[in-house]
Amino acid sequence: MSVEITGAEITVRCLQEEGVNCIFGYPGGAVLFLYDELFKQEKVRHILVRHEQAAVHAADGYARSSDQVGVALVTSGPGLTNAVTGIATAYMDSIPMVIISGQVPTEAIGLDAFQEVDTVGITRPCVKHNFLVKDVAELALTIKKAFYIASTGRPGPVLVDIPKDITQHKTKFVYPDKVTMRSYNPVVKGHVRQTKRAADLILSAKRPVIYSGGGVILSDASTQLIELTKLLNYPCTNTLMGLGGYPATDKQSLGMLGMHGTYEANMAMQYCDVLIAVGARFDDRVIGNPKHFSNENRKIIHIDIDPSSISKRVKVDVPIVGNVPDVLKELIKQLKENKTKSDQSALKDWWKQIDLWRARDCLKYDRESKIIKPQMVVEQLYNVTKGNAFVTSDVGQHQMWAAQFYKFDKPRRWINSGGLGTMGFGLPAAMGVQLANPKGRVACITGEASIQMCIQELSTCKQYGLPLKIINLNNRYMGMVRQWQEFFHGNRYAESYMNALPDFVKLTESYGHVGMKIERPEDVEGALKEAFKLKDQLVFMDFITDQTENVFPMVPGGKGLSEMILV
Amino acid sequence: MRHIISLLMENEAGALSRVAGLFSARGYNIESLSVAPTEDPTLSRMTLVTVGSDEVVEQVTKHLNKLIEVVKVVDLNDGCHIERELMLVKVRAQGQDREEIKRLVEIFRGCIIDVTDKSYTIELTGTSSKLDAFLETMEKSAVLETVRTGASGVGRGDWILKV
């Protein structure tokens, strides 16, 4: 007979059973028993953040840069509401995560108790699923389900809300090996006949493009994507979320597509005759206006694990619902067995056309500038780290320059908030990345506006000795807002200028880290090298960059992909 | 176009709010919704009437299927189906009107289930359009109160929605 243990201990034991090494959180009244149990053991390491939003972003970065489920622990009420931004961020990018939130005791629910909030109600639209545990006997199974749901199918955050009394109640602990749910059976294998149709269509293409997204990263399908692309000798473009899925330095790579994608990628998307979409969802920042994108002569194959992603914004000719690596393996097999061969001369002409578009050199910028160009900083970062760093970013111009100028050759190296576009994501996400990859070099590319949204996490970095390298592209503006105001609002820079910025060097030093201010282009490389030499220290590099620089190419909102503004 | 969607879902607290929340979050219309437990008390059966283009309704069913607590979804418009709705309507019934209303109720195969000296309460079942038709035959000012359940639907013959 096993002894009865408390709900709090059960929760911690569940985390241990799931192989969770590291969780991110912040204590409070409703989770005190949980923290007490965490205190008594050593298997699950708890990282104390300075704000719950950061706990969730850190768990998110941890998940994105590894293949594990991220875990965050927050208290009831404000603890949970602070976490909502992080949860919504993870939801939009389909990140597997389990969030455990404390709740007021069961008998106090609904009575407007201290630090009470309707957690399940507030988070419902931004989680894959959520649970309120009402009986300690259901606790272990509920946590098992949470991990199962979060990590299978199209991944996403799952929240488990645990009232305080449940953490005190006792029961026997049994952790199920596996869980089956009659209402949740995600598809894995794609439809074989559809895959055959896709193979025929792919081989009939004269102007093909492979368009791959975050689904390739999340499902670890990079190997299969490379095999497919190499087998066919077709061009491949990655979305912002898919960077690293196909190596950026390979000659078949067209770079990123979309609002700030390359000229060649966007033109190829617009004018291809067969489009092979892999784990991507045709979102508004990627294809622009669907009306401008639509083209009767273009056939679309869409591989995705989520049926609701298919034909959502763009009508698809051959949908294949399934887990991307499984579908790609089958597709590669079909292509190899298929007697038809692709039209090599048409393909040659297509590559010629692509090379002409490439020659437009859409990412050029003034390399002779006397003021630091932000693009140059990212390029230098790439050189100094030899393309091997983990790079997180916040949201705005710096994010786009990072995506354009850091050539990601491996998946799970580029960590950014693509769907929700959450400023403040970069620093806490980098903490999670560093903890998941203790030996990795982690850079956070940010701007002076974004970084201030979670700057308090410099304190967490000090506590746990996280040697992040923060690249602050400081142009004294909310750059992307300023860019839109310049282009579309008659140069009226409404509230986009920051005229009371802190001295970032002093600020960083006050947190116990190293701060640098870099004002001349010739000092950029040296500063980066010096920073990366400081292996055990966080270095905040404040680069004073050109205030007027804009991100090009740009597809204005509501326009089509071929209607780019170029330099 | 009007679609009638039938679904089976776990009979759990909060499941209904997930369905309602999905519709409001994605801007879909709910014309009516009716839900109750089935012969298996762990399952609820819901009938949902929505209006939208085929593309929109396809997305609706896909998203309903994605909800973790939803076990099965069918669009009853995909095949032959039967639908019924229950209406309770309280009408002013005085003098000569009393006989006239009684005759109308008989024509619509309804029944009067509560009577006072001033009013009748009528129970009527049928398709939603039949109930609409009944209300149209009544003089507007005579209708004191209407309560409708929203449509319930079921596939014909062998078409069975079961786990």
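Colleague: Where is the place of A:Met498 in chain A?

Modeller: Helices (H or I, at least four residues) and strands (E, at least two) are DSSP runs, numbered from the N terminus. The place of A:Met498 is in the loop of chain A between helix 20 (479–488) and helix 21 (504–510). This is a predicted model, in which local features need pLDDT of at least 70, side-chain atom pairs count only at pLDDT 80 or more, and totals for chains, interfaces and linings use all residues. Residues are numbered from 1 along each chain as its sequence is written, chains are lettered from A and ligands numbered from 1 in the order in which they are written, and side-chain values use heavy atoms, with hydrogens and water left out.

Colleague: What does A:Met498 count as, given its relative accessibility?

Modeller: Buried means under 20% relative accessible area, exposed over 50%, and partly exposed in between (1.4 Å probe, protein chains only). A:Met498 counts as partly exposed because its relative accessibility is 23%.

Colleague: Which residues is A:Met498 in contact with, leaving aside its neighbours within four places in sequence?

Modeller: Contact means heavy atoms within 4.5 Å. With those neighbours left aside, A:Met498 is in contact with A:Ala449, A:Gln452, A:Arg476 and A:Met478. A:Met498 and A:Asn475 are 23 residues apart in sequence, and their C-alpha atoms are 9.2 Å apart in space.

Colleague: Which residues does A:Thr545 touch, not counting those up to four places away in sequence?

Modeller: A:Thr545 touches A:Ile371, A:Ile372, A:Pro374, A:Leu473, A:Asn474, A:Asn475 and A:Arg476 on that count. A:Thr545 sits in the segment after strand 20 (539–544) of chain A, and its relative accessibility of 3% is why A:Thr545 counts as buried.

Colleague: Is A:Thr11 buried or exposed?

Modeller: A:Thr11 has a relative accessible area of 1%, so A:Thr11 is buried. The place of A:Thr11 is in helix 1 (residues 7–17) of chain A. Apart from neighbours within four places in sequence, A:Thr11 is in contact with A:Leu34, A:Ile100, A:Leu139, A:Ile143 and A:Ile162.

Colleague: Which phi does A:Glu495 have?

Modeller: A:Glu495 has a positive phi of about 55°, although A:Glu495 is not a glycine. The residue is found in the loop between helix 20 and helix 21 of chain A. A:Glu495 is exposed because its relative accessible area is 73%. B:Arg109, also not a glycine, has a positive phi of about 55°. The place of B:Arg109 is in the loop between helix 3 (97–107) and strand 6 of chain B.

Colleague: How many helices and strands does chain B have in its secondary structure?

Modeller: Chain B has four helices and nine strands. Along the sequence they follow the pattern β-α-β-β-α-β-β-α-β-β-α-β-β. Of the 163 residues of chain B, 42% count as buried. Among contacts in chain B between residues at least 6 apart in sequence, 74% join residues at least 24 apart.

Colleague: Where in chain B is B:Ile113 found?

Modeller: B:Ile113 is found in strand 6 (residues 111–115) of chain B. At 45% relative accessibility, B:Ile113 counts as partly exposed. The C-alpha trace of chain B spans about 55 × 35 × 30 Å along its principal axes.
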